[in-house]
Amino acid sequence: MKCFLIAAPASGSGKTTVARGLMSELAGRGLAVQPFKCGPDYIDTKFHSAVCGRPSVNLDTFMATPAHVRELFARYADGADVCVVEGMMGLFDGYDRDRGSSAEIACALGIPVVLVVDARSAAYSLAPLLKGFATFRADVRICGVIFNKVGSTRHRQMLLQVCEDTGLKCLGFLSREARLETGSRYLGLDFSSQRNAQQNAGTESLFSSIADAVLETIPDMTIASSPAPPPAEGRVLIARNAESFSFLYQEVIDRFADVAYFDPETDVPQLDGIHLLYLPGGYPEKHLPELSKNEGARQAIKDYADRGGRIVAECGGMMYLCESIIDDGGNYPMCGVLSYTISARREDRRLSLGYRRFTLDGCEYRGHEFHYTQFSGELPPSAAQVFNAAGEPVPTPVIRQQNVLASYTHLYQI
């Protein structure tokens with residue numbers, strides 16, 4: 001099996017473009033490609049899965065131990081010919097120096113790193129940069145470099161000199177082409193791009209020689225199998241929609257033996273015999289008329305909560321449980337399980353971002369927070385004090401009401 005991690009010196013260098021391009025090229029050759037994503041990103045994993053035809057899995061050493069990350073990697077790598085791990089931010093950027101970084105994950109897994117470098121405005125000045133990355137940590141193995149946004153034949157020649165003088169292998173070049181640009185929107189990548197399955201068409205040839213070089217350079221490795229733990233009993237119903245409710249960790253889904261889905265925009269859920277209703281995050285504020293119009297779904301969830309049904313609601317799911325959501329176009333009634341109002345108005349938007357942890361009933365929960373919406377008025381009372389990765393208290397409330405657990409935090413385990 002070939003395994004490698006795609007990283008970069010900084011965000012915006014082209015990791016996602018290269019990861020998706022290589023995944024598409026390798027899968028197009030008939031190889032079974034298992035994708036992974038470093039960190040708590042839910043959006044890149046969707047594109048990975050669409051390209052590879054296998055669920056992409058998050059690897060995160062803040063929310064899980066290195067041993068657990070190794071177990072996950074081995075479990076989902078089973079049956080794959082190639083494992084491609086897309087890094088996050090810069091290679092050594094973590095929540096505390098390089099703790100939790102892509103470099104730490106590469107070391108935990110024992111896999112080499114392919115470094116993607118934005119060469120748009122530099123040439124030989126990249127030599128000391130790459131030399132530093134290659135030697136900063138002896139346990140991080142950079143096996144080669146892909147130069148992105150290369151301008152000319154002369155530019156390529158200068159970049160080859162950089163590799164000659166730093167001892168790093170050049171795995172290929174990508175030119176400055178608009179079709180290789182990955183758009184961004186709102187909190188992350190543009191979901192509409194996922195709907196256009198042809199967006200990678202015509203780019204595979206650009207990655208063909210790079211894929212050859214990567215496969216030639218990356219050594220084979222053997223990964224011991226890691227069986228999945230016994231799944232939890234009980235029927236779990238999960239809200240799922242392309243945008244409104246879409247932030248799901250594959251491992252969380254796979255922990256349950258009996259899983260069903262419904263779309264809160266169009267379906268009325270049947271909640272009899274349900275052990276747990278799971279409302280994950282997403283962008284409900286972008287679909288307020290549709291969610292509000294489906295009164296049957298809102299009332300069914302309210303009735304289920306009133307009779308003691310178990311609900312876990314994260315970020316967008318928590319917003320959906322509230323009395324209403326306000327945006328610049330009006331006030332939209334939601335489920336009314338929680339007696340709070342969420343504001344998605346432009347004037348109220350502010351970014352809340354970062355890892356989170358809290359202890360409730362003797363159990364420590366870890367997760368990630370990323371949103372612009374806010375509670376309207378005073379914050380709800382919290383059932384637990386929430387802390388960031390540095391151990392500093394943050395005002396994010398954890399709401400517990402009967403058998404409902406709700407928060408802006410996307411939990412790694414539920």
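A search of the whole structure finds zero disulfides, a disulfide being a pair of cysteine sulfur atoms within 2.5 Å. The structure is a predicted model, in which local features need pLDDT of at least 70 and side-chain atom pairs count only at pLDDT 80 or more, while totals for chains, interfaces and linings use all residues. Residues are numbered from 1 along each chain as its sequence is written, and side-chain values use heavy atoms, with hydrogens and water left out. Helices (H or I, at least four residues) and strands (E, at least two) are DSSP runs, numbered from the N terminus.

**Cysteines**

- A disulfide is a covalent bond between the sulfur atoms of two cysteines.
- The cysteine sulfur closest to that of Cys 3 belongs to Cys 83, and at 4.0 Å it is too far for a bond.
- Cys 3 has 1% relative accessibility and counts as buried; buried means under 20% relative accessible area, exposed over 50%, and partly exposed in between, with a 1.4 Å probe and protein chains only.
- Cys 38 is in no disulfide either, and the nearest cysteine sulfur, that of Cys 107, is 11 Å away.
- Cys 38 is also buried, with a relative accessible area of 1%.

**Helix α6**

- Helix α6 covers residues 153–166, which is 14 residues.
- At 1.5 Å a residue, α6 should span 20 Å, and its end C-alpha atoms are 20 Å apart, which agrees; the expected span is 1.5 Å times one less than the number of residues.
- Which residues of α6 are buried? They are His 155, Leu 159, Val 162, Cys 163 and Thr 166.
- These residues cover an arc of only 95 degrees around the axis, which puts them on the same side of α6; the arc is that of the directions from the helix axis to the C-beta atoms.
- An α-helix has 3.6 residues a turn, so residues three or four places apart point the same way.
- On the other side of α6, Thr 153 and Glu 164 are exposed.
- The buried residues of α6 pack against α5 (126–135), β6 (142–150) and β7 (170–175), where contact means heavy atoms within 4.5 Å.
- Gly 167 follows α6 and has a positive phi, near 75 degrees.

- Strand β5 (residues 113–118) has five of its six residues buried, so it is largely enclosed by the rest of the structure.
- Strand β1 (residues 2–7) pairs with β5 in the parallel sense over three bridges; two strands pair if DSSP finds at least two bridges between them.
- In this pairing, Ile 6 stands opposite Val 114 in β5.
- Strands β5 and β6 run parallel and are joined by six bridges, with Asp 118 opposite Asn 148 in β6.

**The six-stranded sheet**

- Six strands form an open sheet with mixed pairing, in the order β11-β10-β12-β13-β23-β22.
- Its edge strands, β11 (256–262) and β22 (398–401), each pair on one side only.
- Strand β10 (residues 232–239) pairs with strand β12 (residues 276–279) in the parallel sense over three bridges, and Val 236 stands opposite Leu 276 in β12.
- Ile 274 lies in the loop between β11 and β12 and is buried, with a relative accessible area of 11%.
- Leaving aside residues up to four places away in sequence, Ile 274 touches Arg 235, Leu 237 and Tyr 304.
- Ile 274 and Gly 309 are 35 residues apart in sequence, and their C-alpha atoms are 8.1 Å apart in space.

- Most residues other than glycine have a negative phi.
- Lys 149, in strand β6, has a positive phi near 60 degrees and counts as buried at 12% relative accessibility.
- Cys 315 has a positive phi near 50 degrees and is found in the loop between β13 (311–314) and α12 (316–321).
- Cys 315 is buried, with a relative accessible area of 4%.

**His 410**

- His 410 lies in strand β24 (residues 410–411) and counts as buried at 1% relative accessibility.
- Not counting residues up to four places away in sequence, His 410 touches Tyr 42, Phe 247, Gly 281, Glu 314, Cys 315, Arg 366, Gly 367 and His 368.
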